[in-house]
Amino acid sequence: MLTDLNSLDFPSRRMFLEYAAKTMLGVTVVPGLMGLRGAAAFAADDSKAKDKGAKKPAASGSPRNASAKHVIFLYMNGAMTHLDTFDLKPGRETQGETKGINTNVSGMMFGERLPELAKIANQLAVIRSMHTETGDHEGGRYLLRTSYKEIASIRHPGMGAWALKVLGRQNKTLPDNVLVGGEARHPGAGFLEPAFTPVPVGDPNAGLQNTTTPKYLTGESFEKRMQLIDKFDAGFRKKFPQKQVEAYGEFYRQADQLMHSDELKAFDLNQEKADVRDKYGRDQFGQGCLLARRLVENNVRYVEVSLGGWDMHTNIYDQNGLPTRAAALDRAASVLIADLAAKGLLSKTLVVLGTEFGRSPKINQNAGRDHHPGAYSGFMAGGGIKGGRFYGTSDKDGHSVDQDGVTPADFNATIGQALGLPLEQEFFSKSGRPFKVAHDGKALVKLFA
Amino acid sequence: MSVRRSSLLALVGGVAALTVVLGWSFSDFGPSPVMAQQSKNAKAKKKKPEPPPPVPERKIKTTLIDSSTRSKVVASAAKIDVLIDANYAKYKVTPNPVATDEQFIRRIYLDVSGTIPSYKQVRAFAGNSDPDKRSKLIDTLLGQSGYASNFYNYWTDILRLKDGQLTNNVPGRPYCEWVKESLETNKPYDKFVYEMLTAEGKIWENPAAGYILRDSGMPLDAMNNTVRIFLGTQIGCAQCHDHPFDRWTQKEFYEMAAFTFGTSTRRGANDKMFGGGNVISKLRDDMKKVDEKFDGGGKYNRFLQGNLAEVYDNNAKLALPHDYRYDNGKPKQVVAPKSLFGPPASIEKGESPRVTFAKWLTSPQNPRFAKTIANRLWKKSFGVGLIEPIDDIKDDSKPENPELLDYLTSEMVRLKFDVKEYLRIVCNTKAYQREATHAEVNLADEYHFPGPVLRRMTAEQVWDSFVTLAVFKPDEYQMEPARVEAKILNLDLAKATAEEIYKRDQERTSGDLRKSREARDKDYKYKGQLLVRASELPSPQPPGHFLRQFGQSDREAIEVSSEDGSVPQVLQMFNGPITHMLLESESLMYKNVTSERTPEGRIDVIFQSILARKASPDERVAALAEIKTHGDIGYGNVIWALVNTREFLFVQ
């Protein structure tokens, strides 16, 4: 529905506003929508419209920027505050207690809680013009991970599943799509084959558990047991030819393969020296990032690592609020990027930081920030991305997008572009409905070097 | 203690002999905990024996089913079937065949008690020739503790119950226990909701206050959650702007939120009730004199901050946001409470708006309250609601069968929100007692209820089923009653002294409490896992736990548990300790199998324990061949293979 619009290419603020209004309303492009309620939210201030002039629509869907072989998606769960991290508004009341610090790129400023990331800002393309449709956590997460709004009648695939579907398995024995420390509900493979479902690792310190058979079982007796399962299960499977039943067949196969893989130690963080583990931070996120690095070293395609606790409605500046989360993020993400660079992996590994929405510019009565889908931030690094710059801007208080708005679909299209996924191609669900990898999002091709 | 020491480890005396008999009890796990315990006891005998630490328990009363209303239940179930049959005819649907007794007993146990039936229960049901045995089993199960346990797991996912911190320095345990007790006593659903919405006080004094404390500091989100959970309606979008997909305006959202905005969840430290001045600063200063190591930081916050957390009405007024942009109001204009739909809620003189709101929400006249719970519980039984999604009802939502949903709603009202009686009716329908639908059910198509849909067990059902297979008295263990910690944590800040707080903190960390907890757990532990009902384990479990691997919610959002499969689940089933405990000689499974002498008899025990049915001829041949080839180890292989089948994981 957005094929005739391009988020990179709004000749005027008005056009962006129209675009935003239409996408917010989830309707197809019809002239004259500006009159509808809801659209008004974004049409309030047109007087300061900046005419940036028409630019050529960016080509998208061609895999010309495809240099990434791996993706590490750092998921900031709970909605990361943009004003205190990457979208500083010095001098404004909405800035709160956070002060800006300089980075290693002149003119680029981060929040003071991110001193290590500030030292490698030259690697980061920071997007400050994200905006989304919903201020509801689950809805926002789903949209960011799939580019589609969550509905009851179908489940859409996450980006990791799309990558495996289109590109095939990169690592033939280890799981090629891994979810570290994520919540129970993840879109996973959606309507695609269950084989592409991310393998969840709840606690990175424990790695992948239960991968060895009891000592008294020989390889042969294990094989025997597997055959028995097959025999006992035959009647049930025949009776219930359903996807949810068949899915387990694929999980059995993958589990069996995994148990006999020599590469399993990729999941074992004890293989790392203590000082390396310390460097990443001994928290779950830090160890999760280290695990992600090990998996990428072992040629795993897609890893998502989450850092929870960003839902800071109360006392955002208290020690267990922003300072703790930002420190965990700053430490682990900076070490991860540096490590990947040192190992020569950064050029082919796209590191992405994303979150479901931002937090309100206004600090509430409980000294916290509430949900804010109007504007928020994220970043990309490595994988062919040119760092050391900001992309897009929010308005003076970080309330709405001012320039170069980026939707979750655009964000995912950019990941797809880096991986070389065909963004224009239609894929059909079992019920015959067509879907695209990033739901017609437009890749931010300007981000690529 | 001697009574409690039973569960998994009942057959201690026979361990050595039996191990030799079957062989498959050997494993790489080393000595069982009980054997380790015995040798420790032997050494300890030289010292004077210490009296066992006290293990306080909670008295549980489960409300029974009133058998005198059976004829009414049967009549109501028949009426439901008439309405369903009408849609079969209308949409040309052939209903599924009636479920076999074997399918029925497994399903009814899982749906009502949250676990598969035990071997003994399967045998008893199979041997019962009473024509009313299904109906009677429904009554029995609804009157047992398993009902509360199973529905507690269900509500834990919806209400985001946490035993740990509910909000800053406030433990959730008392609230969790209150929910459990409400289910045990079958508190009418409207009363259950009303008590949560109107609760006042601290968590230890009025645990229902946990509902409001859960969303402490988020008054607008709290309203959004309340309307979603209890009225099946999503107004969240209207928090920031007029709802794009429904009719709610931002003003209406604010008018609803105005009912509860005047409710505070935290007392100020300067509140007059504490005697003037900042009571927290004062006590912190005093604490430094009592505890030399105290640096004035957060160490005593569970006492200081925790006791400030209290639900009370401060009558604050809600104003529209500063950037309000619609014509029907001005920025920062104070809004008066106004209900969304149905008979308007009018605030009576001297009544708190929150009470008015609770009365309006839980009223039988509210057009969505009874309907939402009727639809919810229908989905819980059949796997699909009459309106989907169950928590996003709109004015134009068309139920699959409007007459049926109307009838179910009116039944809920007639029953005065007696949830057990309602479930009793649903379970007695022919539709519920049919086979699960064999073919793939397409989420995009309307489902006409030819029978329930096939569902994978929830995480808690998988776990509880394993416990049923392994443990002798799976319902025996109780988690520590909330009163134990409440006695330590609850204090009156107006009177509290630093000495008292110090003393209580010592008590909290003392060896006595730890010993009591160890004594509670020790007989139920196997390889570090506490083998008890999921509802008696703290919620949520840590990320690596079996329950989380199988999809237990992290309790951060409403109803986010998952029934999807994954590779770690399969690895857990293949190699994890929970599967292998079934092969240990101390397990119930082992005892039941060894109580039969012939291989045929033993195979029946294994199949009936795990799948509630006997082996088919083909399966029997395969199992016998396995046993013939591998001897006693073959039994272990058959058990292992059966719990690893999909048939085990799914509810037919």
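## Chain B: overall fold

Let's begin with how chain B is held together: among its contacts between residues at least 6 apart in sequence, 71% join residues at least 24 apart. The model is a predicted one, and in it chain B has 30 helices and eight strands. Its radius of gyration is 27 Å, close to the 26 Å that the globule rule gives for 652 residues, so chain B is as compact as a globular protein of that length.

Along the principal axes, the C-alpha trace of chain B spans about 85 × 80 × 45 Å. As for burial, 50% of the 652 residues of chain B count as buried.

## A residue at the end of chain B

Is B:Val651 buried or exposed? It counts as buried, because it has 21 C-beta neighbours inside 10 Å, where 20 or more are needed.

Who are its partners? Leaving aside neighbours within four places in sequence, B:Val651 is in contact with B:Arg107, B:Leu110, B:Arg455 and B:Met457. B:Thr458 is 193 residues away from B:Val651 in sequence, yet their C-alpha atoms are 9.6 Å apart in space.

Over in chain A, strand S5 (residues 177–180) is covered on both faces. A:Asn177 and A:Leu179 lie on one side, A:Val178 and A:Val180 on the other, and all four are buried.

Which strands does S5(A) pair with? One is strand S7 (residues 302–307) of chain A, joined to S5(A) by four bridges and running parallel to it; here A:Asn177 has A:Tyr302 as its bridge partner. The other is S6(A), which also runs parallel to S5(A) and is joined to it by three bridges. In that pairing A:Val178 stands opposite A:Val199.

## The nonpolar core

The largest nonpolar core has 274 residues. Those with the most contacts inside this core come from both chains: A:Leu74, A:Ala125, A:Ala292 and A:Val303, together with B:Ala470, B:Ile639 and B:Leu642. Helix H10 (residues 322–342) of chain A gives the largest share of the core, ten residues.

## Where the chains meet

How many residues does each chain bring to the contact between them? Chain A has 66 residues in contact with 63 residues of chain B. On the chain A side, at least two residues each are supplied by helices H1 (13–25), H2 (40–43), H4 (137–146), H6 (219–239) and H7 (243–259), and by strand S6 (199–201). H6(A) provides the largest share, eleven residues. By class, the side of chain A that touches chain B has 28 nonpolar, 24 polar and 14 charged residues.

## How confident is the prediction?

The model scores ipTM 0.88 and pTM 0.84. Chain B averages a pLDDT of 90, with 93% of the residues scoring at least 70. Two stretches of chain B call for care: pLDDT stays under 50 over residues 1–24, for which the model has 49 contacts beyond four places in sequence, and is below 50 over residues 26–44, a stretch with 19 contacts beyond near neighbours in sequence.

For chain A the mean pLDDT is 84, and 86% of its residues reach 70 or more. Residues 1–63 of chain A have a pLDDT below 50, and this stretch has 94 contacts in the model beyond near neighbours in sequence.

Technical notes. Residues numbered from 1 in each chain as written. Chains lettered and ligands numbered in written order. Predicted model: local features only at pLDDT ≥ 70, side-chain atom pairs only at ≥ 80, totals over all residues. Contact = placed C-beta atoms within 7 Å. Nonpolar A, V, L, I, M, F, W, Y, C, P; charged D, E, K, R; others polar. pLDDT = per-residue confidence, 0-100. Rg over C-alpha atoms; globule rule 2.2 N^0.38 Å. Buried ≥ 20, exposed ≤ 12 C-beta atoms within 10 Å, placed from the backbone. Pairing = 2+ DSSP bridges. Core = buried A, V, L, I, M, F, W, Y, C linked by C-beta atoms within 7 Å.
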